[in-house]
Amino acid sequence: MKPSVSLAEAIGLLRPGMRVLLPPGCAEPTALISEVLRQAPRLRPLTLMGGLLLGDYPFCQPEQEDAFHWVTFHVMPGMGEALRRGRADFVPARYADVPWLFGPRGPWRADAVLAHTAPPGPDGRLSLGVSTSYPLPVAREAPLVIAQVNHRMPRTLGDSTIPMERVAAWVETDEALRTYPAPPASETERRIASHVAEVVRDGATLQVGLGAVPAAVATALGDHRDLAVHSLLVDSMLPLLDRGVITGARNAGRRGPMQLGEIMGTEPLFRWVHENPAVSMAPSTVVHDPALVGALDRFVSVNSAVEVDLTGQVNAESVGDRQVAGIGGQFDFVLGASLARGGRSIIALPSTGKGGAVSRIVARLAAGARVTTPRYLTDCVVTEFGRADLRGLTERARARALVRLAHPRFREALEREWADRGQAF
């Protein structure tokens with residue numbers, strides 16, 4: 001095995017003008033990023049690329065104006081100024097397409113990948129640990145791979161590894177991963193979760209997004225049996241694993257109770273997944289492929305939204321024309337659920353926003369708002385006031401069902417707005 005090198009030597013392999021891909025979430029390679037920032041005067045201009053990061057995006061700060069450009073498919077808080085200044089760009093892309101986007105045949109093909117891995121396993125290969133979604137397939141083909149080999153990165157099983165020969169240089173670290181603690185759930189979110197739990201059948205394969213509502217959903221599923229998990233594992237699922245709720249026992253044709261592309265949580269979760277045969281990691285080309293998702297019986301996706309209009313259009317990524325998130329995997333999983341036998345897709349959101357000042361069930365999407373899930377694929381919408389099953393309903397029936405999910409003080413206005421469009425209510 002080639003010897004480790006210093007951070008300065010490893011990042012010294014990068015050259016100005018390169019496109020450099022960063023892994024997302026809890027796999028953010030903080031030591032390598034810090035060295036990239038230190039070498040900014042030498043590296044400028046450098047394009048950094050990736051998805052959702054949990055750090056503070058130091059390369060997007062004003063003092064790095066001339067050094068770095070950030071290209072992403074997921075906007076996070078604090079990036080607004082960089083987007084306005086033109087120092088960051090958003091690429092509309094669903095998660096299934098991200099490996100292509102940054103791969104050798106994509107429009108943003110990476111010249112280098114900064115990987116974050118566990119120490120070599122008995123076979124000498126490097127596990128990418130908590131994030132295989134797009135880092136794994138791109139690292140397998142990129143011209144240059146630099147690895148942060150971290151003694152605290154769990155070694156995960158499944159399709160998670162690259163050979164040491166793929167790595168041009170590696171640095172050894174022993175530092176805590178970025179963490180994603182479970183957000184606290186309010187009473188509203190617990191009520192939403194109880195309605196979601198009614199849709200989830202025993203033996204279902206469950207995909208949930210990030211946020212307080214998915215965390216509350218996990219708590220609400222405590223009396224279910226033989227669930228499986230797909231795509232993302234978070235802290236709130238640990239009690240279900242410990243109690244034997246998540247077993248994958250009815251998950252025919254799949255290896256173990258969960259197939260994951262991302263693990264986002266805290267140290268107890270990282271310890272649980274280390275060399276755990278219940279975990280089977282995979283790239284986004286598998287995890288987010290709607291055709292493969294559609295082969296999973298009783299697949300249930302649970303995702304959130306900024307707003308849902310009375311026709312069933314879902315905006316999960318913008319406030320008006322201001323991008324605040326990304327398409328992520330929502331469209332992939334909604335489409336996959338529509339193909340699955342017994343599949344369901346759920347859009348779960350509080351009925352109001354801004355402290356109750358605005359309705360998130362709206363007569364029409366705000367001007368400039370993006371459509372993340374089109375109305376013809378929207379299946380089930382849930383707020384704290386109940387659920388609406390939309391598939392097969394007429395537009396008038398959809399509007400009536402969705403108004404019932406709005407907060408009572410907004411319902412009359414929504415009915416009037418619908419009628420003002422020249423349609424009976």
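## A partly exposed aspartate and its partner

Let's start with Asp-297, which is partly exposed at 29% relative accessibility. Here buried means under 20% relative accessible area, exposed means over 50%, and partly exposed is in between (1.4 Å probe, protein chains only). This is a predicted model, so local features need pLDDT of at least 70 and side-chain atom pairs count only at pLDDT 80 or more, while totals for chains, interfaces and linings use all residues. Residues are numbered from 1 along each chain as its sequence is written, and side-chain values use heavy atoms, with hydrogens and water left out.

Asp-297 makes a salt bridge with Arg-341, their closest N and O atoms being 2.6 Å apart. Arg-341 sits in the loop between α13 and β19, and Asp-297 in the loop between α12 (290–293) and β14, so this pair ties together parts that are 44 residues apart in sequence. Arg-341 itself is exposed, with a relative accessible area of 61%. A salt bridge here is a side-chain nitrogen of Lys or Arg within 4 Å of a carboxyl oxygen of Asp or Glu. As for the names, helices (H or I, at least four residues) and strands (E, at least two) are DSSP runs numbered from the N terminus.

Arg-155 is in the loop between β7 and β8 (161–162) and Glu-275 in the loop between α10 (267–273) and β13, so they tie together parts 120 residues apart in sequence. Arg-155 counts as buried at 17% relative accessibility, whereas Glu-275 is partly exposed at 39%. Elsewhere, Glu-198, Arg-344, Asp-379, Arg-387 and Asp-389 are linked in a network of salt bridges.

## An open sheet of eight strands

Now for the sheet. Eight strands line up in the order β13-β12-β11-β10-β14-β19-β23-β24, forming an open sheet with mixed pairing. The edges belong to β13 (279–281) and β24 (386–389), each with a single partner strand, so one side of each has no neighbour in the sheet. Two strands pair if DSSP finds at least two bridges between them. For example, β10 (residues 205–208) and β11 (residues 228–234) pair in the parallel sense over two bridges, and Leu-206 has Val-229 in β11 as its bridge partner.

Helix α13 (residues 330–339) packs on this sheet, touching β10, β11, β14 (299–303) and β19 (344–348). Contact means heavy atoms within 4.5 Å.

Which residues touch the most other members of the largest nonpolar core? Of its 48 residues, they are Val-196, Leu-233, Ile-263, Val-302 and Ile-346. The largest share of this core, five residues, comes from helix α7 (residues 187–199). Another core, of 31 residues, lies apart from it and has Leu-14, Ala-40, Phe-59 and Ile-146 among its members. Such a core is a set of buried Ala, Val, Leu, Ile, Met, Phe, Trp, Tyr and Cys residues joined through side-chain atoms within 4.5 Å.

Finally, take a look at helix α15 (residues 408–420), where Phe-410, Leu-414 and Trp-418 are buried. They cover an arc of only 80° around the axis, which puts them on the same side of α15; the arc is that of the directions from the helix axis to the C-beta atoms. On the other side of α15, Glu-412 and Asp-420 are exposed. The cover over the buried residues of α15 includes β20 (352–353), β21 (358–359), β22 (361–362) and α14 (395–403).

How values were computed
Axes fitted to C-alpha atoms, helices over the stretch in contact; angles between N-to-C directions.
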